[in-house]
Amino acid sequence: MIREGKFKGLKSIILENHYIKATFLPEYGSKLASFIDKETNEEWLFQAKSDMLTIPSYGAAFSDYDSSGFDEVFPSIDACFDPITGKPIPDHGEVWALPWEYRLEGETVVFTVKSPVFPYTMTKRVWLEENRLCFDYAVANDGDTRFYFIWTPHALLRCDEYTKIVVPDGLNSVMTVEHQTEHLGEWGTIHPYPITMSQKTGKPLDLSKMESPSANNCEKFYFTERVPKGMCGIVQENTGRKLMYYYPEEKVPYLGVWKTQGGYRGDYNLALEPCTGVYDNLSVAYAIRKVSFVEPKDVFTWWFHMEIGG
């Protein structure tokens with residue numbers, strides 16, 4: 001079932017079945033604002049404290065707006081310059097702060113957005129398959145040169161000290177991309193995963209688990225290896241409930257993790273970020289040849305699924 005509604009003062013599109021209730025905000029970057037597990041009536045996505053949301057303007061700083069839900073991040077995570085044209089790309093990219101058009105095709109919602117600066121159109125098709133929320137993505141390049149990009153699903157998840165990160169076997173080391181974090185050190189420091197030694201305490205630290213909000217810190221790291229399998233997720237060890245992501249590893253080969261443990265606005269959340277390029281900055285990704293691109297007059301496609309269970 002698909003219907004229109006309101007969510008924190010904004011127009012919403014709701015997809016719902018026996019397993020899932022998913023709420024999107026087309027005017028707010030087609031954000032997935034709420035993702036409810038109907039078996040437990042629990043919200044999987046971190047929610048902002050405000051009862052009303054404000055739609056950002058193009059080029060707005062991401063930190064000036066609510067940190068909640070699942071924002072589409074494209075074509076860069078950090079603010080930077082396009083490596084081909086030199087044009088500026090805003091913080092967290094363009095599309096999270098643009099209104100998307102939408103139409104219904106049976107039980108599928110088709111969201112579309114066109115960049116006001118670059119020659120691309122992004123399309124996202126969304127539907128439910130039992131306990132899965134399914135996304136098909138397409139980026140069409142209308143220009144005459146390659147268009148380079150990073151995409152990631154910036155989905156901030158509710159979590160607690162029972163939350164454990166699940167990744168494929170074979171991912172054994174990470175690199176921190178925050179500057180001088182208390183546990184992981186300076187940008188570029190390599191650590192074994194999941195157990196490393198904290199540079200603050202000198203004691204073992206399990207990176208697959210959350211610290212308490214009183215830790216008052218943040219961590220962002222990437223696995224140094226390409227993912228051997230397109231899957232990751234979290235499991236609540238106290239209840240056994242799981243949220244798993246599935247995606248094509250040949251199209252989305254990298255995986256980042258963002259942990260907010262009270263150190264940003266006092267928030268407490270976790271983001272698993274499968275991505276098409278590293279490390280956050282499109283110019284850096286282009287320079288080290290770890291980036292995706294779409295050829296002129298061509299289309300790049302991929303898919304992404306969110307599955308609940310346990």
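Let me start with burial: of the 310 residues in the chain, 57% are buried, where buried means under 20% relative accessible area, exposed over 50% and partly exposed in between, with a 1.4 Å probe and protein chains only. What we have here is a predicted model, in which local features need pLDDT of at least 70 and side-chain atom pairs count only at pLDDT 80 or more, while totals for chains, interfaces and linings use all residues. Residues are numbered from 1 along each chain as its sequence is written, and side-chain values use heavy atoms, with hydrogens and water left out.

The secondary structure of the chain comes to one helix and 26 strands, both taken as DSSP runs numbered from the N terminus, helices being H or I with at least four residues and strands E with at least two.

Five strands make up an open sheet, in the order β17-β16-β20-β23-β24, with antiparallel pairing; two strands pair if DSSP finds at least two bridges between them. Because β17 (190-192) and β24 (268-275) each have a single partner strand, they stand at the edges, and one side of each is left without a neighbour in the sheet. Within this sheet, β20 (residues 217-223) and β23 (residues 254-261) run antiparallel and are joined by six bridges, and Phe221 stands opposite Val257 in β23.

Searching the whole structure gives 29 aromatic pairs, counted when ring centres of Phe, Tyr or Trp (its six-membered ring) lie within 6.5 Å, with planes under 30 degrees apart called stacked, over 60 edge-to-face and the rest tilted. One of them is Tyr193 with Phe223, edge-to-face because the planes stand at 75°, with the centres 4.8 Å apart. This pair links distant parts of the chain, since Tyr193 is in the loop between β17 and β18 (195-197) and Phe223 in strand β20, 30 residues apart. Tyr193 counts as buried at 8% relative accessibility, and Phe223 counts as buried at 2%.

The rings of Tyr222 and Tyr279 have their centres 5.3 Å apart and their planes at 80°, so this pair is edge-to-face too. Here Tyr222 in strand β20 is linked to Tyr279, 57 residues apart, in the loop between β24 and α1 (282-287), and both Tyr222 and Tyr279 are buried.

Finally, the charges over rings, for which NZ of Lys or CZ of Arg must be within 6 Å of the ring centre and within 35 degrees of the ring normal. Lys124 lies over the face of Trp100, at 5.1 Å from the ring centre, and the charged end of Arg146 sits over the ring of Phe293, 3.8 Å from its centre.
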